[in-house]
Amino acid sequence: MVLNSLDKMIQLQKNTANIRNICILAHVDHGKTTLADCLISSNGIISSRLAGKLRYMDSREDEQVRGITMKSSAISLHYAKGGEDYLINLIDSPGHVDFSSEVSTAVRVCDGCIIVVDAVEGVCPQTQAVLRQAWLENIRPVLVINKIDRLIVELKFTPQEAYSHLKNILEQINALTGALFTSKVLEERAERETESQVNPGSERGEQVYDWSAGLEDTDDSQLYFSPDQGGVVFASAVDGWGFGIEHFARIYSQKIGIRKEVLMKTLWGDYYINMKAKKIMKVDQAKGKKPLFVQLILENIWSLYDAVLKRDKEKIDRIVTSLGLKIGAREARHSDPKVQINAICSQWLPISHAVLAMVCQKLPSPLDITAERVEKLMCTGSQTFDSLPPETQALKAAFLKCGSEDTAPVIIFVSKMFAVDAKALPQNKPRPLTQEEIAQRRERARQRHAEKLAATQGPASVEPPEDGGAPETSPKGEETKGGEHQVEGETLKPQPEEGSSHESFVAFARVFSGVARRGKKMFVLGPKYSPVEFLRRVPSGFSTPLDDLPPVPHMACCTLENLYLLMGRELEGLVEVPPGNVLGIGGLQDFVLKSATLCSSPSCPPFVPLNFEATPIVRVAVEPKHPSEMPQLVRGMKLLNQADPCVQILIQETGEHVLVTAGEVHLQRCLDDLRERFAKIQISVSEPIIPFRETITKPPKVDMVNEEIGKQQKVAVIHQTKEDQSKIPEGIQVDADGLITLTTPNKLAVLSVRAMPLPEEVTRILEENSDLIRSMEQLTSSLNEGRNTQTIHQKTQEKICEFKRKLEQHLTGRKWRNVVDQIWSFGPRKCGPNILVNRSEDFQNSVWTGSGVKASKEASRYRDLGNSIVSGFQLATLSGPMCEEPLMGVCFILEKWDLSKFEEQGASDKHNQERRDVVQEAQAEGEACPGRGEKGGPQDGGSEPSEQKTSQRGESSLTDCYGPFSGQLIATMKEACRYALQVKPQRLMAAMYTCDIMATGDVLGRVYAVLSKREGRVLQEEMKEGTDMFIIKAVLPVAESFGFADEIRKRTSGLASPQLVFSHWEGTESPAHRSRSQGGPCLPSGTSAGCAATGSGCRDPLCRVLGQAGGPPECVPPLGWRADRAAWCTSQWCGRARGSLLQPCRITTVYVRRQVVPFLTFCSQTGPFLQSRI
């Protein structure tokens, strides 16, 4: 097919029914970009010989070097079928897990996708991830099983074995799809049950419980991949061939005489053909019969490969002749058999026709967008479609219609911003010269050549023509030079601008409704924009003229400056883009950071945020090598933040610039971009900063040998608490249960706070419902401020009730009684996995009901002070006391909040104010009647002002010393929470990766060795049926993941490749106060501390840190432990030196044979201690 012109593409864009927006999704190295090359070569953009080698969509240098795709890029293709012209907007996406955010940006603007699966490796972890992303975005998939040539060349399968293997792969993919479908149906059933519980009267007549899951009545006929329905293509992209069942059904229907429809149903499956009876029968009726797929399709392909690989020239010629193909002499004589196979198969079974025909037949057009997807796109957070304003709900019809009328609202979604070189923009490219301009330049070149010849000749030859010729040629020469400078000035004019900013940003977007025209004004809606808030601020509603709009939060106005047609590495300028098309928009870098919604009407809500599979977890600090280049680094990091949808840029309190990325490969790409494209300076990068979470655990109930801590030890705890009272700072009280009582600096308020660990299930529920918690906080704050702008829809209320019911279900027991109803706030950032519980009797506040006080006239005062308490809690949960990391899974209970002294102070201040008012009135009366009381006036007036000055002086000194009372409450609450944590057993929670490794059985031992070396934990190991590949699922600490992929490839000679995805937070086994540099808990021999029995160092043969600088040298082991079971006290409250042994340890943690055991002990020689009975 010849290369299409721009005018042809513009014409195809106007027929919305024949547009297909598709993306290619797959695991890494399953052949996405090679397949894209084959499809691009069908349009003549690249040569078919270079398909699979050029990797046209990988335009970055590091993509070509690494051999993986790192960004999603789009191209528009033309395909003609059955007299219809189709426009295929194809998006190639990455397969590496570090760049899964690029997959999310591609899926959002598509209506369908091509799932590519390697025929050898089958379903891989990233295959499951992209299938889930496509399911969540409600786009329809089709399947391409790629690399079937590996079954012939590498695995040496017979056609029958290959058929069985392909059936297994198809079953695995359909099982994944069925699991997603089942979960959706069950969620809908659960929602219906919740509604029936909320409204029991609606189903009062039904007395029998419905045991069906709802799967029987749901239509799933179009759900699964089935070759007989045309949704599966079998291909080898590197060899250029691919086919669907329909192609062979059409061929064999003419040869055998069986109808095409019958062959479509029987070519895939356990059917065989009886040539005598001309009938198709089940294989079970006659054993040993080959299925039709093997007999009619696979055996022909196997015989072709066999002939070419064995160089059987006669057989090759017979096959080529029978197929009616023409093979060039170059391909026929080529020494590489793959060249001959490509030449034959690309003509016999062209993969581009098979895939594009399936896309046009099976995938929907923009007109077929479902109402369910539209509602899901328009509802952010916990909103429901019915809760939106009527004007907003009316836009649903515009989405479904996808009309191009002038009255249709223009709705565009920008999924990402990508950087391009300013020279690559169409307006900056040198335009082709016309024939007249070429002739003028030719004439100028001749004139310059003539002048040079004249200048080289002697002065004698120049002087004669100077009188007559010079006046004419000299002005011409000046004009020529002037013209040259003008032309050069025109070409060089944008260069200074390019020198200052070589990168220009283009928005990767799709038009969902209306026509996007150049120069049109649009509203840019941020992710927090709300049409309800717009209606509150603009009384005249959405019909307000654009010029009369007041400033509305999270909304800006912009103009569509440039529109581009995305053609892979090239951009083409457009004047307008009809609905349903993918496009690039220039000039939005000042309005859009990463993604946004553009609309011509402010009634449109922002689209739901993109769902990223990979969480940014890897942090590094970046600084310039030369401090004077810091402005370039700051500007470069801002550009990088805009160009990458997943990266995060943070500035620490210390001033460090921190880069947060999704993984090691993603980090390397971002650093390369920062050095070479955006900042263009040399930078220094720190070692990776590993994030942690701080938490507390339950006190131990058993000692080191799993014996229950008895009554004697409990008495010792009480004795220890009394002994420690003398060491607590002034103003802080600690009781035996860990209740912290703290007084504000001005002694006017007393706070009592206790910390308790939350169950793991509750922490998980809080993390999963962060969006719902954020909506609840917004609603509570609006109610407390007296604004009823946000209304709760019934479905949102049902979600809140379900969330509360789950918390009550898991928070059971005496100590959790009524805790759920008393939850005051969540933290950090008011939506985190920590809770604040208010048990104060004076002020009742809850996230479920809002605030309430006994005296309504003091509501505002208590609410302001309560906000200070919540702010202190937020600060405490944002940075813990151990290493300033956020808290996780902690419940803070405010047991007491005593403001009696503050109220007395307020009453006395009020009394003093009344007295001052009386004195001022008396003074005013004295001035009005000067003749009355001249003697008494000065006496009265002399005492009162002195008292007034004294009180003012006292108030000012109080404020100067301690600051505002609200600030004191914030600081006191924060310190109380930190002290409440420190009296409990503290632990750090480490970030954990889920590691999926595919390896052969030969290198399985090496994989396990690398995992165990890096403290990984294998969860599951299974062998893929029909292959020698093993799938290993493990968890690996993020701290140990750097260099893991390179090491495992080196140890296995490239036969194993891991996929790392952030999974969860996991509590560390070591105590919180043990530093990473410590290396181990044992003391080296010769230190002052040693085993209680022998006084020597640790003799445990299993200890791997013997002889290293271990625990603090002042720590003393507990008495009664034998030398072969040496256990060392690592508590930071242990006796500071040999002479201070009378101070007992607190509840602490010791190490026995590298096992962490919390227990209660005392290292006092005279006090009680825990005896061992080992």
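This is a guided tour of one protein chain, stop by stop, for use with the structure open in a viewer.

The model is predicted, so local features are listed only where pLDDT is at least 70 and side-chain atom pairs only at pLDDT 80 or more, while totals for chains, interfaces and linings use all residues. Residues are numbered from 1 along each chain as its sequence is written, and side-chain values use heavy atoms, with hydrogens and water left out.

**The whole chain**

Start with everything selected and coloured by secondary structure. The chain has 33 helices and 39 strands. Helices (H or I, at least four residues) and strands (E, at least two) are DSSP runs, numbered from the N terminus. Of its 1174 residues, 48% are buried. Buried means under 20% relative accessible area, exposed means over 50%, and partly exposed lies in between (1.4 Å probe, protein chains only). Now show the surface: its accessible area is about 57400 Å², and carbon and sulfur atoms hold 50% of that. Accessible areas come from the Shrake-Rupley method with a 1.4 Å probe, and for residues only the protein chains shown count as cover. Among contacts (heavy atoms within 4.5 Å) with a separation of 6 or more, 74% join residues 24 or more positions apart.

**Helix H1**

Select residues 6–13, which make up helix H1. Which residues of H1 are buried? They are Met9, Leu12 and Gln13. These residues cover an arc of only 105° around the axis, so they lie on the same side of H1. The arc is taken from the directions from the helix axis to the C-beta atoms. On the face turned away from the buried side, look for the exposed residues Asp7 and Gln11. The cover over the buried residues of H1 includes strand S1 (19–26), strand S2 (73–81) and strand S15 (562–567).

**Ile24 in strand S1**

Move on to Ile24, which is in strand S1. Ile24 has a relative accessible area of 0%, so this residue is buried. Leaving out residues up to four places away in sequence, the residues that Ile24 touches include Lys32, Leu35, Leu90 and Val116.

**Aromatic rings**

Next, show the side chains of Phe, Tyr and Trp. Such rings (for Trp, the six-membered ring) pair if their centres lie within 6.5 Å; planes under 30 degrees apart count as stacked, over 60 as edge-to-face and the rest as tilted. The whole structure contains 22 aromatic pairs. Select Trp241 and Tyr305: their ring centres are 6.5 Å apart and their planes stand at 70°, so this pair is edge-to-face. Trp241 is in strand S7 (residues 241–243) and Tyr305 is in helix H10 (residues 292–309), so the pair links distant parts of the chain, 64 residues apart. Are these two residues buried or exposed? Trp241 is buried, at 1% relative accessible area, and Tyr305 is buried too, at 0%.

Now select Phe243 and Phe248. Their rings are also edge-to-face, with 5.2 Å between centres and 85° between planes. Both residues are buried.

**Charges over rings**

A charge sits over a ring if NZ of Lys or CZ of Arg is within 6 Å of the ring centre and within 35 degrees of the ring normal. Select Arg108 and Phe413: the charged end of Arg108 sits over the Phe413 ring, 5.1 Å from its centre. Then select Lys396 and Phe385, where the charged end of Lys396 sits over the ring, 5.3 Å from its centre.

**The nonpolar cores**

A nonpolar core is a set of buried Ala, Val, Leu, Ile, Met, Phe, Trp, Tyr and Cys residues joined through side-chain atoms within 4.5 Å. The largest core has 105 residues, of which Ile412, Ile585 and Leu659 touch the most other members. Its largest share, 8 residues, comes from helix H14 (residues 351–362). Centre on Ile585: beyond four places away in sequence, the residues that Ile585 touches include Ile412, Phe505, Leu560 and Leu598. Another core lies apart from the largest one and has 77 residues, among them Ala106, Met264, Phe293 and Phe418.

**Two threonines**

Finish with Thr370, in the loop between H14 and helix H15 (371–378). Thr370 is partly exposed, at 39% relative accessible area. Thr743, in strand S26 (residues 740–743), is partly exposed at 26%. Thr743 and Met973 are 230 residues apart in sequence and 9.4 Å apart in space, C-alpha to C-alpha.
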